[in-house]
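Dear colleague,

Please find the structure below for your review.

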Amino acid sequence: MSQPQTFWPVESDEAGAEFLVCMSCLSEVFRRRIPMPDCPTCHGVSTYEAFTLDSIRDWGTTELIAKAEAEAAQPAPARSGSLAEAEG
Ligand SMILES: [Zn+2]
């Protein structure tokens, strides 16, 4: 019952708009990726739309903004397991 969440990578076609927010429950946000197969909170499919962090700060709930900032604080999703090479 506690399977790890799977994500689908998302290419951002708009500069800076790399935060995917669930427009159905407005309580999930991810950076350059969306959960598969559906939203972990409301189980909506294809409910995610891209926004900038500034935009989310403008209209998001405190909880949503905190999640977005936590995502922003993480390094960008690794492409092919070359994390070790990033060190010095
Ligand atoms: Zn949702």
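Two residues are in contact if their C-beta atoms, placed from the backbone, lie within 7 Å. On that basis, among contacts between residues at least 6 apart in sequence, 55% join residues at least 24 apart.

This is a predicted model, in which local features need pLDDT of at least 70 and side-chain atom pairs count only at pLDDT 80 or more, whereas totals for chains, interfaces and linings use all residues. Residues are numbered from 1 along each chain as its sequence is written.

Secondary structure and sheet

The protein contains 2 helices and 5 strands, where helices (H or I, at least four residues) and strands (E, at least two) are DSSP runs numbered from the N terminus. Along the sequence, the pattern is β-β-β-β-β-α-α. An open sheet is formed by 3 strands in the order E3-E2-E5, with antiparallel pairing; two strands pair if DSSP finds at least two bridges between them. Strand E3 (29–31) and strand E5 (48–51) are at the edges with a single partner strand each, so one side of each has no neighbour in the sheet. On average, neighbouring strands of this sheet are turned by 30° against each other, direction ignored. Strand E2 (residues 19–22) pairs with E3 over 3 bridges in the antiparallel sense, and Leu-20 has Phe-30 as its bridge partner in E3. Helix H2 (residues 62–73) lies across E2 and E3 and runs at about 15° to E3; axes are lines fitted to C-alpha atoms, for helices over the stretch in contact, and angles run from 0 to 180 degrees between N-to-C directions.

Buried residues make up 18% of the 88 residues. A residue is buried if 20 or more other C-beta atoms lie within 10 Å of its own, exposed if 12 or fewer, and partly exposed in between. Not counting residues up to four places away in sequence, Ile-34 touches Phe-7, Trp-8, Val-10, Leu-20 and Tyr-48.

Backbone points to check

A cis peptide bond, with omega about 0°, joins Met-36 and Pro-37. Pro-37 is in the loop between strand E4 (33–36) and E5. In the loop between E3 and E4 lies Arg-32, whose phi is near 55°, a positive value in a residue other than glycine.

Kind regards
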